[in-house]
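Please keep the sequence and the 3D view at hand while reading.

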Amino acid sequence: MTRTDIETEILRIFREGFEIDQPNPDDHLRDKHQFDSIDAIELLVAIEKYLGSELTQAEKKLAMEIRTLRQIFDYVEALAKKRQLFSEG
Amino acid sequence: MTALLRYVKPVWDVIVTGLLWLYYIPGWLVLCPLLYLLAYFFAANRESAFQRLNHLFHRGFFLLLRLFTPGLSWQVQQEIREIRSSVIVSNHLSYLDPILLVSLFARQKTIVKSDFFSYPVFGWLLKTSGYLPSTTGGEFSPMMIDRVEAMGDYIAAGGNLFVFPEAHRSRNGRIGPFSKGIFTIARRCKAPITVLLIRNTDRLFPPDRLLFNTCISNTIDVSILARITPDYESEDFSLSDLMADVRALMENRQEQRP
């Protein structure tokens, strides 16, 4: 799993799951796309599916502080590294 | 308004408001702690028992309100009290609306501003009743995540989740912009959606007023606008379309407001 894979998958989730197409990586998701805390929980479920493992409470709590798409990419990359799924590609 | 009523009304507004506040706070402290403590320690399902107690307490509140407010009548469609296993969305006109819905549903959850969860006693009630904190981070995030994740089972077991998708009270009767969180939860839980329309609670307890507006002719009306069972699995399903449909339902009915 590379950074590009992660970005592609997250963009797919946003498009199909949240009907948000081509968001700018630095958009404030709540202000610009009405992405709220419930959406964040849905996103966590999708990330768990993508990584093939459950997130810990601490990891989930961390996710609730995320505000931009770029932060989501970084967050998933960190999770993938922790689970030894990440390759620099 | 007759001359006598002009003098009586302001006094009666103060009396009714005072009576209801007495019921709501000191009344709760006198009547309820023992019941809630018994439920806390002995109920098989603590959350459900708290919801039922909240429901009964608020039924008492509206009973008093109806009893002591001249000119007030009440039209709540009978089927509303029979709603089970549903996400319920409604327009929002007054601070009375959330407690009105609590008084209608024996098993109810809702989303509450997270600050309230920190208040003594009230915060404990909210937490133990299983309500969801509305938060985008901070200490209540884990609770919100847990409760959203458990919502499917709660709804499948007959519980209702009611929310005002406008989030804020409308100041002009028009339907405001929707938050999509409740619709996302409905999709997640594959739950049917019941759309309600509340009328005239803003005349009874106006947004900019501290006192109840008594001695006027007013009918509180709660009706079902639609029961929607979306096909969440369909490729054509769209959350935005669902929200637009619900919004259109509320707006169309609002336009027919007498």
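Is the crossing of α3(B) and α5(B) left-handed or right-handed? The crossing is left-handed, a term that applies if the near helix is turned anticlockwise from the far one by less than a right angle, with clockwise giving right-handed.

## Basis of the model

This is a predicted model, in which local features need pLDDT of at least 70 and side-chain atom pairs count only at pLDDT 80 or more, while totals for chains, interfaces and linings use all residues. Residues are numbered from 1 along each chain as its sequence is written, chains are lettered from A and ligands numbered from 1 in the order in which they are written, and side-chain values use heavy atoms, with hydrogens and water left out.

## Two packed helices in chain B

Helix α3 of chain B covers residues 46–68 and helix α5 of chain B covers residues 96–104; helices are DSSP runs (H or I, at least four residues) numbered from the N terminus. Their axes lie 7 Å apart and form an angle of about 115°. Such axes are lines fitted to C-alpha atoms over the stretch in contact, and angles run from 0 to 180 degrees between N-to-C directions.

Contact means heavy atoms within 4.5 Å. On the α3(B) side, the residues involved include H55(B), H58(B) and F62(B), and on the α5(B) side they include I99(B), L100(B) and L104(B). The residues of this contact comprise 7 nonpolar, 4 polar and 1 charged. Here Ala, Val, Leu, Ile, Met, Phe, Trp, Tyr, Cys and Pro count as nonpolar, Asp, Glu, Lys and Arg as charged, and the others, Gly among them, as polar.

## Nonpolar cores

A nonpolar core is a set of buried Ala, Val, Leu, Ile, Met, Phe, Trp, Tyr and Cys residues joined through side-chain atoms within 4.5 Å. The largest has 59 residues, and I10(A), F14(A), F183(B) and I193(B) have the most contacts inside it. Among the residues that I10(A) touches are I47(A), L69(A) and F73(A).

Residue A39(B) belongs to helix α2 of chain B, residues 33–42. A39(B) is buried at a relative accessible area of 9%, where buried means under 20%, exposed over 50% and partly exposed in between (1.4 Å probe, protein chains only). Beyond four places in sequence, A39(B) touches R46(B), A49(B), F50(B) and L53(B).

In chain A, D39(A) lies in helix α3, residues 37–51, and is buried with a relative accessible area of 0%.
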